[in-house]
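I opened my notebook and went through this structure entry by entry. Here is what I looked up.

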Amino acid sequence: MKNDTTNRPSVGSALVPIAMALAILIIGIGILKYPAELMLLFAGIVFAIFSVLYGHKWESIIETMGSKIKKALPAILILFCIGLLIGTWMISGTIPLFVYYGLEIINPNYLYLIAFLVTAIVSTCVGTSWGSAGTIGVAIMSIAQTMDLSLAITAGAVVSGAYFGDKLSPLSDTTNMSSIAAGSNLYEHIKHMLYTAVPSSILAIIVFTVVGFGMETDSSQLSNIQEMSAGLDQLFNLNLLLLLPAVVVIVGSLMKKPPLIVLFSSSVIAMILGLVTQGASFANIFASAVSGFNVDMLGAGANVISEDLQSLLNRGGLYSMYNATFFVFVAFFFASALEISQALNIILESILAHLKTIGSITLSSLITGFAVINCTSNALVSYFLVQDIYGKVYKKKNLHPVNLSRNMEDSITITEVLMPWTVSGVFMATTLGVGNFEFLPWAIFNLGGFLFSALYGFLAPLTGGFGIRKLESDQVEDSRTKKII
């Protein structure tokens, strides 16, 4: 909505709402543990007031919010589908099957490492962090809970593995869109990301291995595992047919079918399996899909199944995603108010004039990507915004577009999940049942990408540009010719 009476804030003025919003989010959510929804709403109000003071109309904020929600509708629907999937996979016995054999096979000392490796493999195959975390990730979290292991570390390992594939898989939408936005070839982009993905993965493997072997298992823990396995075997009719819903998700993703159709189809098959293999009634099948699974649906009361097993299994359903969906609306109100205020753009424009070295350009683009995704919760918008700001700066330094596309992945794709006020952050916290700031220190892969990208930039003068790709002479000449024309 265009408004000719608006005034452009100065850099000093733009810093005021930025500082206030950061204080509200960091202190309110991170330190005082106040509800993230309310803190995000307060931060959005700060930018809304700032926008109005500089001549913008309230209607423009609402219109911008509406356009963002419209674009985010597929993500919102996927949120509900994951809730549907978890509820139906529970009553069908699919997730209990994974948990049962996981308890039988997995040594507790290897659980964190396996959580990273398995989700990394699945996410690479299906190309989605949400899909891998919402399926195999939920099963692994259940195994960790049964084994009385750290849920924060397990969630960090699941998130790390889930975003390995989201970053590197050619099937991933973020991998494709970041390369498109930066103007780099997809497979050159993936190859260049190995410079940060490989050391980040090695670091994650070392950390999860060391932490795992540093644990001590006692007889009570092993007894609990045996009790859980017996309870699952008593409650469910476990057989290999229950793998079918998982197969549908993997095959559908590999065939690049629409995620909503794949997830819904898997849920329908799980419902049928619940009827046929578990003997559940139609009423309980539908109740599990909508309000979540409860062990009472299969005739197991509190006197038959332990409380720990009940808390493990009673979850999922469409209703479980209502809070996450409400959070999306609050997040987009915040993002819309920030966009209309122009505060972030003004700050970034003032920073660009001081970027002289590859290290400073790299770090600035990484910080910008992290800031933008935390403000917009929209990776596609963030990619193109960072490209608009830094594309010419990278070319001026003769840096190949793959450097920018990799830095966008390391600052946008894999860091969004770490903050509790982003859409991906809310999804992972809701799905895995662990707060973002709890699993953040253990999201080794996600933190490593940002770290290694920054290191390559600052160490370039000492390493001869290792990990940094320069434009070829003909590419430099071509860009200069286009500039002249």
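**Entry 1: Ile 143.** I started with Ile 143, which counts as buried at 3% relative accessibility. Buried means under 20% relative accessible area, exposed means over 50%, and partly exposed lies in between, with a 1.4 Å probe and protein chains only. I found Ile 143 in helix 6. Helices here are DSSP runs (H or I, at least four residues), numbered from the N terminus. Next I listed its contacts, where contact means heavy atoms within 4.5 Å. Not counting residues up to four places away in sequence, Ile 143 touches Phe 98, Val 99, Gly 102, Leu 103, Ile 106 and Leu 111.

**Entry 2: ground rules.** I noted that this is a predicted model, where local features need pLDDT of at least 70, side-chain atom pairs count only at pLDDT 80 or more, and totals for chains, interfaces and linings use all residues. Residues are numbered from 1 along each chain as its sequence is written, and side-chain values use heavy atoms, with hydrogens and water left out.

**Entry 3: confidence.** pLDDT is the predictor's confidence in each residue, from 0 to 100. The chain averages 84, and 92% of the residues score at least 70. Where pLDDT is low, the predicted coordinates should not be read in detail.

Entry 4: Is Ser 132 buried or exposed? Ser 132 counts as buried, because its relative accessibility is 0%. Ser 132 is found in helix 6. Leaving aside neighbours within four places in sequence, I listed its contacts as Thr 119, Val 122, Ser 123, Gly 137 and Ala 162. Then I checked Ser 341, in helix 15 (residues 322-341). Ser 341 has a relative accessible area of 2%, so it is buried. With the neighbours within four places left aside, Ser 341 is in contact with Pro 9, Phe 47, Phe 50 and Ser 51.

Entry 5: A nonpolar core is a set of buried Ala, Val, Leu, Ile, Met, Phe, Trp, Tyr and Cys residues joined through side-chain atoms within 4.5 Å. The largest one has 147 residues, and Phe 208, Phe 293, Leu 313 and Met 428 have the most contacts inside it. Helix 3 (residues 58-92) supplies the largest share of this core, 15 residues. Not counting residues up to four places away in sequence, Met 428 touches residues including Ser 129, Trp 130, Tyr 163 and Phe 439. Met 428 is one of the buried residues of helix 20. Helix 20 (residues 423-432) is mostly covered, with nine of its ten residues buried. Gly 433 follows helix 20, and its phi is positive, near 75°.

Notes. Helices (H or I, at least four residues) and strands (E, at least two) are DSSP runs, numbered from the N terminus.
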